Amino acid sequence: MLSLGQWLRSLKNLDPKSDLKHKAVLGLLKGRRMTRDFKESPLELGTAEELVDVARYAPRAGNTDGIRYLILENTEVSDYWAITMPDDTQHDFPWPGLLKAPTLILIWVNSTEYLDRYSEADKSRSGLGDSESSWSTPYWWVDGGMAAMAILIAAESQNLGTLFFGVFEHENMIKSRFDIPDEFNVVGAIAVGHGTAEQRKSKSTLRKRLEAKDLIFKNNKN
Ligand SMILES: Cc1cc2nc3c(=O)[nH]c(=O)nc-3n(C[C@H](O)[C@H](O)[C@H](O)COP(=O)(O)O)c2cc1C
């Protein structure tokens, strides 16, 4: 098998007329769908760390190091669900197949790292180093989303299923249970595992995707 470096070099050397890269990337992007029913089988050892390693290559504003990951496996996953769905509510949860996912990856961002980075000489003129309120678009959330997508696609490339979902009001309890430093806030969680053949559909997925032509603003001033 080719090493990652050899593979990347071979992609660079591809005949420009080859559509191999195009097809592979489009296949991953268009073929990925959220998975809400998982088998209990665990990921191979090191897979979750590999997914985080891929996320390191996601774009990040100012190349800031403001993202961290929490990988939960085995009893930690059960602890996560016990914290977020206490008092036996798990029995009524409409997505029991989600609770079987062997691994959860939580993405955390630290806005202070962004303020510090944007206070550095090459960025200070932006004024973004002053305070969080200077950011009309807080890039830590944007970068968190980029990292999440990298994980979803990297998992898809290994035929693994994923679901991105919110942590919301459980954030502080999760922080406390898993010793997450105060300055971090959660972007969301990604369940990762082997999807079952039958998937219970979410209502959201019944909504049709608009066509690209409907998504692009028309510039009527021209
Ligand atoms: C920010 C974000 C939050 C989401 N939260 C949830 C969630 O809490 N529960 C869930 O089942 N799906 C969640 N989803 C998945 C969406 O429902 C799903 O991406 C959308 O319906 C399109 O389906 P697809 O990703 O399978 O194409 C979330 C997706 C995103 C991007």
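User: In what order do the four strands of the open sheet lie?
Analyst: In this predicted model, the four strands form an open sheet with antiparallel pairing. The edge strands, each pairing on one side only, are β1 (67-73) and β3 (161-165). Neighbouring strands are turned by 20 degrees against each other on average, direction ignored. The order is β1-β2-β4-β3.

User: How many helices and strands does the protein chain have, and which pattern does the chain follow along the sequence?
Analyst: The protein chain has eight helices and four strands. Read along the sequence, these elements give the pattern α-α-α-β-α-β-α-α-β-α-β-α.

User: What are the spans of the C-alpha trace of the protein chain along its principal axes?
Analyst: Of the 222 residues of the protein chain, 25% count as buried. Among contacts with a separation of 6 or more, 84% come from residues 24 or more positions apart. Along the principal axes, the C-alpha trace spans about 55 × 50 × 45 Å.

User: How many bridges join β3 to β4?
Analyst: Strand β4 covers residues 185-193 and runs antiparallel to β3. Among the partners, F165 is bridged to A189 in β4, and T162 has V192 as its bridge partner in β4. The number of bridges joining β3 to β4 is five.

User: Over how many bridges do β2 and β4 pair?
Analyst: The pairing of β2 and β4 is in the antiparallel sense. I105 stands opposite I190 in β4. In general, strands of a sheet pair through backbone hydrogen bonds, either parallel or antiparallel. For β2 and β4, the number of bridges is seven.

User: Why is β4 described as largely enclosed by the rest of the structure?
Analyst: A residue is buried if 20 or more other C-beta atoms lie within 10 Å of its own. Strand β4 has nine residues, and it is largely enclosed because the number of them that are buried is seven.

User: Which helix packs on the sheet, touching β1, β2 and β4?
Analyst: The strands touched are β1, β2 (103-109) and β4. The direction of the helix makes about 30 degrees with that of β2. The helix, residues 47-55, is α3.

User: Are α2 and α6 roughly parallel or roughly perpendicular to each other?
Analyst: Two packed helices are described by the angle between their axes and the distance between the axes. The axes of α2 (residues 20-31) and α6 (residues 139-157) come within 9 Å and cross at roughly 110 degrees. Angles of 65 to 115 degrees count as roughly perpendicular. Helices α2 and α6 are therefore roughly perpendicular.

User: Which residues make the contact of α2 with α6?
Analyst: By class, the residues of this contact divide into three nonpolar, two polar and one charged. From α2 come L28, L29 and G31, and from α6 come I153, E156 and S157.

User: Which classes of residue make up the shell around the ligand?
Analyst: The ligand is surrounded by R33, M34, R36, L163, F164, F165, G166, S202, S204 and T205. By class, the shell has four nonpolar, four polar and two charged residues.

Notes: Residues numbered from 1 in each chain as written. Predicted model: local features only at pLDDT ≥ 70, side-chain atom pairs only at ≥ 80, totals over all residues. Near = placed C-beta within 6 Å. Nonpolar A, V, L, I, M, F, W, Y, C, P; charged D, E, K, R; others polar. Axes fitted to C-alpha atoms, helices over the stretch in contact; angles between N-to-C directions. Helix = DSSP H or I, 4+ residues; strand = E, 2+ residues; numbered from the N terminus. Parallel < 35°, antiparallel > 145°, perpendicular 65-115°, else oblique. Contact = placed C-beta atoms within 7 Å. Pairing = 2+ DSSP bridges. Buried ≥ 20, exposed ≤ 12 C-beta atoms within 10 Å, placed from the backbone.
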